Amino acid sequence: MFKFWAIVLAAFGLDQGTKLLVQRWLDPGQIVEVFEPYLRFTYVLNPGAAFGILGNYQPVLLLASLVAVVLLLGALPWMIKARYIWPAGFLLGGALGNLIDRLRHGRVVDFLDLGFWPVFNIAD
């Protein structure tokens with residue numbers, strides 16, 4: 001059980017830490033080329049879910065995030081028994097990271113930009 005919570009904490013910390021750095025170093029909309037043309041940092045405050053869908057439904061997305069966390073916690077005994085400790089830890093850590101963003105900002109901080117895919121973050 002310790003290993004699972006360590007993975008959750010690491011995923012959550014990496015997600016929130018990278019988002020904090022982006023918020024401190026970049027302005028919303030700012031683009032920084034990292035490994036041109038494959039990777040750039042683009043600071044986006046995403047009001048929606050994946051690919052920005054449901055952008056005008058923040059209360060629904062907040063509720064969906066809460067439900068996801070509760071479901072993951074409810075399935076925890078099964079996931080540990082099935083030895084899905086790593087994926088379950090990453091899922092819960094990421095879900096908590098994006099939930100905190102929605103609670104703090106009403107949006108999710110995204111910054112990883114591959115150019116051909118919508119901007120996303122570590123939790124995604």
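Leaving out residues up to four places away in sequence, L96 touches V8, F12 and V69, where contact means heavy atoms within 4.5 Å. The model is a predicted one, in which local features need pLDDT of at least 70 and side-chain atom pairs count only at pLDDT 80 or more, while totals for chains, interfaces and linings use all residues. Residues are numbered from 1 along each chain as its sequence is written, and side-chain values use heavy atoms, with hydrogens and water left out.

L96 has its place in helix α4; helices (H or I, at least four residues) and strands (E, at least two) are DSSP runs, numbered from the N terminus. With a relative accessible area of 24%, L96 is partly exposed. On this scale, buried means under 20% relative accessible area, exposed over 50% and partly exposed in between, using a 1.4 Å probe and protein chains only. From C-alpha to C-alpha, L96 and S65 are 8.0 Å apart in space, and they are 31 residues apart in sequence. S65 belongs to helix α2, which covers residues 58-74. This serine is buried, at a relative accessible area of 13%, and beyond the residues up to four places away in sequence S65 touches L99 and R102.

Helix α4 also holds I100, which is partly exposed with a relative accessible area of 27%. Neighbours within four places in sequence aside, I100 is in contact with F12 and Q16. The C-alpha atoms of I100 and V60 are separated by 15 Å, the two residues being 40 apart along the chain.

Aromatic rings come next. The structure holds 5 aromatic pairs; rings of Phe, Tyr and Trp (its six-membered ring) pair if their centres lie within 6.5 Å, and planes under 30 degrees apart count as stacked, over 60 as edge-to-face and the rest as tilted. One of the pairs is formed by F4 and W5, edge-to-face, with 4.9 Å centre to centre and 75° between the planes. F4 counts as buried at 2% relative accessibility, whereas W5 is partly exposed at 38%. A tilted pair is formed by W86 and F90, with 5.8 Å centre to centre and 45° between the planes. Because W86 and F90 are 4 residues apart in helix α4, about one helical turn separates them. W86 is partly exposed at 46% relative accessibility, and F90 is likewise partly exposed, with a relative accessible area of 46%.

The strands can be followed from β1 onwards. Strand β1 (residues 31-35) and strand β2 (residues 39-46) run antiparallel and are joined by 4 bridges; two strands pair if DSSP finds at least two bridges between them. A hairpin is formed by β1 and β2, with 3 residues between them, and F35 stands opposite L39 in β2. Strand β2 also pairs with β3 in the antiparallel sense, over 5 bridges. In this second pairing, F41 stands opposite L112 in β3.

Finally, there is the open space to consider. Rolling a probe the size of a water molecule over the atoms shows where empty space is left. The largest pocket has a volume of about 500 Å³. Of the 24 residues that line this pocket, A49, A50, N98, A123 and D124 are the closest to its centre. On a 1 Å grid over the protein atoms alone, a pocket is an open set of points where a 1.4 Å probe fits, with protein on both sides within 12 Å along at least five of seven lines, and lining residues have an atom within 4 Å of a point. Grid points are joined across faces, edges and corners, and the volume is the space filled by probe spheres set on the points. Helix α2, helix α4 (85-105) and strand β3 (108-113) each supply at least two residues of the lining, and α4 gives the most, with 6 residues. The lining residues divide into 16 nonpolar, 5 polar and 3 charged, where Ala, Val, Leu, Ile, Met, Phe, Trp, Tyr, Cys and Pro count as nonpolar, Asp, Glu, Lys and Arg as charged, and the others, Gly among them, as polar.
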